[in-house]
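Good morning, and thank you for making time for this presentation. I would like to take you through one structure, element by element, and I ask you to keep the view open as I speak.

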Amino acid sequence: MLLKVPQPHPSSEENRPIPPSQYADTNDLVAAIKRQELDALGYLFDHYSSLVYTLAYKILGNSPEAEDLMQEIFLGLWERCTYNPSRGSLSSFLATVTRSRAIDRLRMKGNRRRIISQWQQSLSPNPSPTPLDHASQSEKRQALQQALAELPKEYRQVLDLSYFGGYSQSQIAEQLDKPLGTVKTWARKGLIQLRQSLQAQMEL
Amino acid sequence: MVDPTPHHRFEELAAGYVLGNLDSEEMAEFQQLATEHPDLWEEVAGLQETLDLLPFALTENQPKPSTRAQMMQAAAQATPIQHNAHPQSQRPWGKIFGSIAAVMTMALGLQTVYFQQQLAQVRQELAEQKSLMASLPSTMPQTAPRNVVITTTDTFVNQNWQGVEQILVDHRKSLKKGLKAVDIPSSQPMELAALLRAQAPMPSAMPILSQVSFKLLGGSVCTFGKAKGVRMMYDTEHHGQVSFYQISRSQRPELPQLTSEKLYLAIQDGPGGVFWSDGEFHYAIVSDLSADELKELTSAVEIVES
């Protein structure tokens, strides 16, 4: 069964008022971008830049590079819109593209500046309260953070290193000084439990 | 009939697949199960969806406000890229292959004997190479296996290795279609692998063609008999369009008994290919190149962890 988690809306919503949309849906927005309408690009940026930047910053670890990658991704869509709405939500597409390109950048540099210990807190639940006036977005984040908080720390850490760090399982095993099989099992169980936990929350 | 596969095993393999951490035995088991139980793909999609939600758990950061104006200015100045069909797609393949087929049909009687001998010779050579590899001291690197080159014809391939023929036909079709043959356009291998992973088996350690002059155009899911795979299309500066296939191992369609040794098939007047296997997947690079050029091309193969 697929998760029935609603796709998060553009995250900039939390910081700026959203004007009434002039686009009926994502297809309409994509069509406007393909027609090279600058307003559509501005709309796309306003709604999705926070998601792209947050993820790029998380992986690349510094603001200039994250902003550079963010611009590359939005300008890439402007020059050649490769997103196909029939394959999933735009936010998921942007997250996939951002993560992949950020990790490609890390690998091209051969520069893993951050060490494991710096990753340990990154997927930990955020103790600061989420603004109540953005309940929809914050509820989604809280659901994910709660599900992550329910995972054993090892599972969470391995998922974090694998997903955001782009480390192979053998690199993680080496750095954590654990057998490869253990690391693989933690990652798999972590993902399965995360899904089950989110499904349980959706059923409440 | 009761399904002998416990659900937790099903789930574990699907999770390992999504995470890209299946070993070769597990990958074979996964592929077998996916063939027998297509609903395994639904399990994969659900777990992939869960993994894709991780970015939304992050506490938000905002870019500098000035980045919006910079981007809008750059977009206003950018000239939209026109994507015309690749010139290679204009090649008259149908005509060329029609002529070849006519000539080959006439010559088949004589050639069959010759090629059967050649095939036997190749098999012998492969056996000798395996024996040689096995006899090497364990301290010697085994990463540079010898290559095998066969010069043959389209007809011979069709008669002996339907799988190879299907791959060659798929390549020719993709040449005709040009960029339309690319379902998912992307110039980033990692990105492309991530987008293809939920639709088809992808190796966790993925070979790519890495050379500055090679441009990755994108990829598509393709099916050969019972085997599912992906086709990555590259545009090379001097050698035209190249198709790079990664296909899950299967009894059908029939392929040569592939190993990590590279098998070069130079096909008279047609596109040639290099084929090999890593135990989990079959790989094929097909292009309109000579065997020597293909060797040069495969020297650009690099393994990346996806």
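Let me begin with the term contact: two residues are in contact if their C-beta atoms, placed from the backbone, lie within 7 Å. Please also bear in mind that this is a predicted model.

With that term in hand, I turn to a pair of helices in chain B. In α1(B), the residues Phe10(B), Glu11(B), Ala14(B), Ala15(B), Tyr17(B) and Val18(B) meet Leu40(B), Glu43(B), Val44(B), Leu47(B), Gln48(B) and Leu51(B) of α3(B). By class, this contact of α1(B) with α3(B) consists of nine nonpolar, one polar and two charged residues. Two packed helices are described by the angle between their axes and the distance between the axes. For α1(B) and α3(B), the axes come within 9 Å and cross at roughly 55°. The two helices are therefore oblique to each other, and α1(B) passes α3(B) in a right-handed crossing.

Among contacts in chain B between residues at least 6 apart in sequence, 65% join residues at least 24 apart.

Next, the sheet. In what order do the eight strands of the open sheet in chain B run? The order is β1-β7-β8-β9-β6-β5-β4-β2, and the pairing is mixed. The edges are held by β1 (147-152) and β2 (184-185) of chain B; each has a single partner strand, so one side of each is left without a neighbour in the sheet.

Within that sheet, please look at β5 (residues 227-236) and β6 (residues 240-248) of chain B, which pair in the antiparallel sense over eight bridges.

Is Met232(B) buried or exposed? Met232(B) is buried, because 26 other C-beta atoms lie within 10 Å, and a residue counts as buried at 20 or more. Leaving aside its neighbours within four places in sequence, Met232(B) is in contact with Leu192(B), Leu216(B), Gly219(B) and Phe244(B). As for Gly219(B), its C-alpha atom is separated by 4.3 Å from that of Met232(B), although the two are 13 residues apart along the chain.

Helix α9 (residues 291-298) of chain B lies across β1, β6, β7 (262-267), β8 (272-277) and β9 (281-287) of chain B, and runs at about 145° to β7(B).

I turn now to the interface between the chains. Here, 45 residues of chain B are in contact with 58 residues of chain A. Which elements of chain B give two or more residues to the side that touches chain A? They are α1 (7-19), α3 (40-52), α4 and α8 (189-197) of chain B. Of these, α4(B) gives the most, with eight residues. The residues on this side of chain B divide into 25 nonpolar, eleven polar and nine charged.

One helix pair shows how α4(B) takes part. Helix α2 (residues 38-60) of chain A and helix α4 (residues 66-77) of chain B pack at an angle of about 150°, with their axes 11 Å apart. They are therefore roughly antiparallel to each other. The contact is made by Leu38(A), Leu41(A), Gly42(A) and Phe45(A) of α2(A), together with Arg68(B), Met71(B), Met72(B), Ala75(B) and Ala76(B) of α4(B). By class, that gives seven nonpolar, one polar and one charged residues.

Most residues other than glycine have a negative phi. Gln36(A), in the loop between α1 (26-34) and α2 of chain A, has a positive phi of about 65° although it is not a glycine. Gln36(A) is partly exposed, with 15 other C-beta atoms within 10 Å. Asp177(A), in the loop between α8 (169-176) and α9 (180-203) of chain A, also has a positive phi, near 60°. Asp177(A) counts as exposed, with 6 C-beta neighbours inside 10 Å.

Ser86(A) is exposed, with 5 other C-beta atoms within 10 Å. From C-alpha to C-alpha, Ser86(A) and Asn27(A) are 9.2 Å apart in space and 59 residues apart in sequence.

Key:
Residues numbered from 1 in each chain as written. Chains lettered and ligands numbered in written order. Predicted model: local features only at pLDDT ≥ 70, side-chain atom pairs only at ≥ 80, totals over all residues. Axes fitted to C-alpha atoms, helices over the stretch in contact; angles between N-to-C directions. Helix = DSSP H or I, 4+ residues; strand = E, 2+ residues; numbered from the N terminus. Parallel < 35°, antiparallel > 145°, perpendicular 65-115°, else oblique. Nonpolar A, V, L, I, M, F, W, Y, C, P; charged D, E, K, R; others polar. Pairing = 2+ DSSP bridges. Buried ≥ 20, exposed ≤ 12 C-beta atoms within 10 Å, placed from the backbone. Left-handed = near helix turned anticlockwise from the far one by under 90°.
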